[in-house]
Each structure stands twice: as C-alpha cells, then as structure tokens.
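Subject: Structure for your reading

Dear colleague,

Please find the structure below, followed by an account of what was found in it. I would be grateful if you read the account with the structure open beside you.

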Amino acid sequence: MSWLHTWAGVTVGAVLFAIFWMGTLAVFDAEIDRWMIPSTRLAAMDEPWSLDAAWRDRAPPGGSSVWTLVLPTDRKPTAELRFQDAEGRWTHRLIDPGSARTLPPPGSLAGTGFIYPFHVHLHIRPFGFGYWVVGLAGMAMLALVVSGAVIHRRIFADFFSLRFRRKRQRGILDLHNVAGVAALPFHVAITLSGLVIFLSIYYPAIRFFSYAGDDRAYYSEAFGTGSYARPKEGRPGTLASLDEMAAKAREIWGGDAVGTLSVVHPGDAGAFVQLGRSVEFDVPYNRDRVYFDGGSGSILSVYEPVPASRIQRFIAGLHFIQFRHWTLRWSYFVLGLAGCVMIATGFLFWIESRRQRHAKSGLLGVRLVEGLTVGSVTGIVAATLALFIANRLLPADATLIGIGRQALELWAFCLIWLTAFGHAWLRPKWAWLEQCRALSALAAAAVLLNWLTTGDHLFRSLVQPHLRAVATVDAILIGVALLGALAARKLRQRPALAPGDDGDLSLTSRSAD
Amino acid sequence: MLTALAFVLVSGFALLALSQGSHWRAAGGSAQLPRPAVLALRIFGFSLLLLGLIVAVLRDGGGFGALLWACLLSLAAFAVTAALSFHPRCLRGLASTIAPFGMAFGKMPGERDRPERPDNRGGETKDSISDL
C-alpha cells in the first residue's frame, strides 16, 4: 500500500496538481470571465428579459437550422446567441440584455474557455485523449486517497495534529495528512463525481449492450438529447409567443426559470421550440426539457429523466457546481486549495525524506522530482498569473506573426510554464524561493493592471454589486501575492540559503530544526 | 443559521480534539482526563456533528443541506486544527469549563491510580490507535 501510494503519487502527481489547480479556479470561472473580459462587467437586469423581444431583435438570417439563446444568470450577466450565419457557419454572440446590444468579440478564452476546459481535458483534443488522461488521473487519485488512508496508521490520533515546530519533515507530513483526512469526503466525492460525469466515454459498453449500439436512443433516454425531433415542412410560418411558452414550462418545473431556449427550423411552419430548465436552483445539473410547437405554442413533449439519470445528474451537479449557493462555492474553493496543498506537500515529503539518501548515493530521483514539483506547483500558478497579465496588457486587436490575441494569451501561459520547469531544473537550490517571489510579484502586478486598465479597483468593486466578480478575483490574487511573499520569507529564513552559501541544502537543513 | 451551523460543527470538533490527551494538555488542561470523561466528550462531540447535519438540512433542504454539511465539516476540522496548532489558548475557555465535570467523573469504584505517562518529546505522547 505504501509502495502504491508513493509510486502513484510521484508519477501522476504533476497531472493531478494541474487538474486540481484548474478545477479550483474553475469554481470561479464566470468571475474570471468578468475580470478578463471587462466588456462583460454588466449589471444584472431588474426584470426578467422578454424572450419575444429577444426573438424580434435577433431572429437569425434565413437558413440557420437552430437558433439558441442562453439566458443570463446571476454569475453570467450576458446572454449568448448561437446560430448559423448566412454562409452556414456556426457563430455565437454575446448580448447585453439591458441594452440589447451585441458586445464586441471577447478576444480571450478566459475562465470558461480556457481554465475550465483545461480541467476537463487538459486541452488535449485529438481522439478525446485528454478525457482519458484526466480519467486515469482520477482513478489514480482514488487509489491514492484509499491507500493514503490505509497507510496512515494514526489517522484518528493525528487528526488534529499540525506539528510545525518539530522537524520539517514532520510538519510537511502533518500538513499533507490534515489536508487529506479532514477534507476526505470532498476529495472522494469530487474525484468520483468527476469520473461519473463522463460515464458515456468510460463505459461505452452501455451503448453497445443495453441499447444495441443505438447511440441516439441512449443519449435521448439518459440525457434528453434530441428526445423530440421533427423535420422542416418547407413553407414559412410564424412563431407564437415565447414568453407564454416560458410561463407554461415554468409551471411544469415548479417555478424554476428557463435556462436555455432553442428554436429549431426557425422561420419554418414546422418550427418547434425547446426550453431548457435553469440549473441554478437545485443540485442536479438537470437536462429537463419541454418542447413546444412553434406556430401554436402547445406542448409537444416533456423530457423526464429516468431514475438512473436523476442520480447521475445529481452526482454530476455536485461536481459542476453551477447552482446558486455562495457558501458552497467558497467552500469548494477552499477545499480545492486543500487538495492542491495535499498534492504539493506529498511531493515535498517524498523529496525531503529521500534527499540525503539520494545525494549520498548519487541517485537522480530527488533532483528530477524536485524540478518536476517546482514546475508543476509554483510553475502552473505562475503561468496562470502570466495569463492574467497578458490579458490585461494585450490590446484588443493584438496580433503577432499571425497569432491572434486569444492565442497570444495562451502562448504567454505556455512559455512561462516551460520557463518555470527550466528554471527549476537549472537552479534547484533557489527555485522554490525565486518562484515564490515571482508569484507574489506577478499576482500583485495583475491586481495593479486591472486597476490601471479598467479602473475597477478593489474599493470600487467591493461596493458595487455588479463588480462583485472582479472583487472576488482581485481578492484571490491578493491572497496569492501574500501567500507567495510569506512562503518566500520562510524559505529565506532557512540558514542554508544565507547569501554566499552554496552549500548542500540537504546536510544543513536537518540541523536547522 | 449559517453561523449557528458553523458554531455547532466547530464546537463538535473542539470537544473531540479535547478528548485527546495531547490537545487537552495543549489547551491548558492539567491532569489526564479520566476515561469516562473522554468517552463523554466524544459522545457529545459526535452528537454535535450530527446535529449539524440536521441544521444544514433544515436550512437548505436535502440536496444542498447534505453538501453544505459535508463541506463545513471539513472546514470546521481545519479551523480546530489551526487553532490547536497556532493558538491553543483559544480552547482554554472550553477546557476550563469541561475540567470540573471531567474531574467529577473521578475514579470508578475500585479503580487504581494510573501513573501519569511521561512526556518525553515536548508535549507529544504516544496516543495509541485504541484511543478512538
């Protein structure tokens, strides 16, 4: 068990940290969107938006097979339109519901476009390979949590113990144990629910054996996708009142609001409207749908999930956390950070407990893993901060050798991450200290740049409700800056790092305690 | 209701922590707590944690309530751990309230005096896993 825990941790830990870090940030992905795309820092509307007005203003040009409107929520004040343009290309536009004007292209992938998908599939798209890497990491995480609990002999006696004043290894191990055991329900639930979300990918056998290979039947019954369809009639028709359809749907759903609206075959006599239920008001990430006839507004079909689907939607929902519950949202953020601390301290303990032995016998393990750890822990944080800074520095129409603004931000992320790895392997004794200092400086710079480029500094954003998202991100950045400075200070206090001392860290560090 | 919930959970974990010898001493408790007192502390502690579940479900309904309880349990455990590690005197008040009740449990009839286990590592003693 100890062997399993150690080896799974060392080999998969870097990927796990990336997934946990991006996942923790993704809790506030909509808030990061507001921070990175200032044009979306809009006030919430006082009255619900009229769907008929939206349709009147925004009906697609002829030819679009589907017209979809994603309605604003309390975290996403913009509405999103998706339709096929005159050339048949799928386009999407962000709308300010208050003024009904189209917002300029965001020029940034931001939270929902980069950070959240990074967590889901590490942006490794070919053949869906990324889903499998994340899935395997998730399975490894479950093995790690179980083996960790088994090998932790004093799991109850040490439940509340954080012994920093003893040897450094004791403090690191205690922190690793507390971060793991105290948040054990969260770690298990999050990892397992993450795997359950993608059961369609990890268990293709369901479709082959239970549905005789009929993908459409499976997705229709399990997720309601395409549970109602009818072809175009080929002659023009008008659309009945969308707001009345919405009212009928809300009655069926016990008062819950509409989340998405789709008009299929818009402009045709055979048009029908699909209304999707909001996911804000309950834990399950529901896919409840009501289908209406376009011309008359009468109900055609109501999608009801089967019991197995209900369970899967609840489990998925507790992972997606798209519901409106601010205590839970902040709790998930803190517990996600605890997971990051658990993974990082796991690495640190492995390194510290083998440092002397490897130095004496000339093994490269510690050097390799330490470089890997610095790069994957402080490195990815630095890369994320570089993403924020690039976002604030790049002008709206920036291009460089043919690379657009959106991609330039991602280049900043990747280059800083690679630099962090290089720095870690080239300057092993100073890597932690220098990267902590860099994190502190980068985070402070990001907060400053937000103020300089948008004027929404923390004192203003804390007071105005529609800027609460910006305040959230600024506060987190300030937290990172303070933590980085604190860590740098603690590291600097280690006698082995006195100026001019290039001595072997491993021999002096033990006597320092 | 949220503050009440937080208070209930933190108190529950505080009682459980104080039932462990090293933390009882760190919070200023003098002698070793007699076995019945330790048991009582643990029963009360776990009961408070369960009460937290009821409060959470009353506040937010079944789904959200269960999630809220599970999350706040962990956060409360972190809070008590941090207090014990950085500022054990926070629990001094609680410890001194418990002490007279604990001592009142006293010795069971016929029980001999158990010698104090020597502290040989600056406050750390070998709590055996059979403690819980």
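How many helices and how many strands are there in chain B? Chain B has four helices and zero strands, where helices (H or I, at least four residues) and strands (E, at least two) are DSSP runs numbered from the N terminus. Along the sequence, the pattern of chain B reads α-α-α-α. Chain B has 132 residues, of which 40% count as buried; buried means under 20% relative accessible area, exposed over 50%, and partly exposed in between, with a 1.4 Å probe and protein chains only.

Please note that this is a predicted model, in which local features need pLDDT of at least 70, side-chain atom pairs count only at pLDDT 80 or more, and totals for chains, interfaces and linings use all residues. Residues are numbered from 1 along each chain as its sequence is written, chains are lettered from A and ligands numbered from 1 in the order in which they are written, and side-chain values use heavy atoms, with hydrogens and water left out.

Next, the helix pairs of chain A. Axes are lines fitted to C-alpha atoms, for helices over the stretch in contact, and angles run from 0 to 180 degrees between N-to-C directions. Angles under 35 degrees count as roughly parallel, over 145 as roughly antiparallel, 65 to 115 as roughly perpendicular and the rest as oblique.

- Helix 5 of chain A packs against helix 7 (residues 184-197) of chain A at an angle of about 150 degrees, with the axes 9 Å apart. Helix 5 of chain A is therefore roughly antiparallel to helix 7 of chain A.
- Helix 1 and helix 4 (residues 110-121) of chain A pack at about 140 degrees, with their axes 8 Å apart. Helix 1 of chain A is therefore oblique to helix 4 of chain A.
- Helix 15 (residues 378-393) and helix 17 (residues 431-454) of chain A cross at roughly 20 degrees, and their axes come within 9 Å. Helix 15 of chain A is therefore roughly parallel to helix 17 of chain A.

Finally, the surface. M1(A), W3(A), L4(A), W7(A), V146(A), V150(A) and I151(A) make a nonpolar surface patch of about 750 Å². Helix 1 (2-26) and helix 5 (129-151) of chain A are the elements that give two or more residues to this patch. L4(A) lies in helix 1 of chain A. Why does L4(A) count as partly exposed? L4(A) counts as partly exposed because its relative accessibility is 34%.

Yours sincerely,
A colleague

Definitions and conventions:
Patch = residues over 30% accessible without salt bridge, like charges linked within 9 Å, V, L, I, M, F, W, Y side chains within 5 Å. Areas by Shrake-Rupley, 256 points an atom, 1.4 Å probe, with all protein chains shown as cover. Salt bridge = Lys/Arg side-chain N within 4 Å of Asp/Glu carboxyl O.
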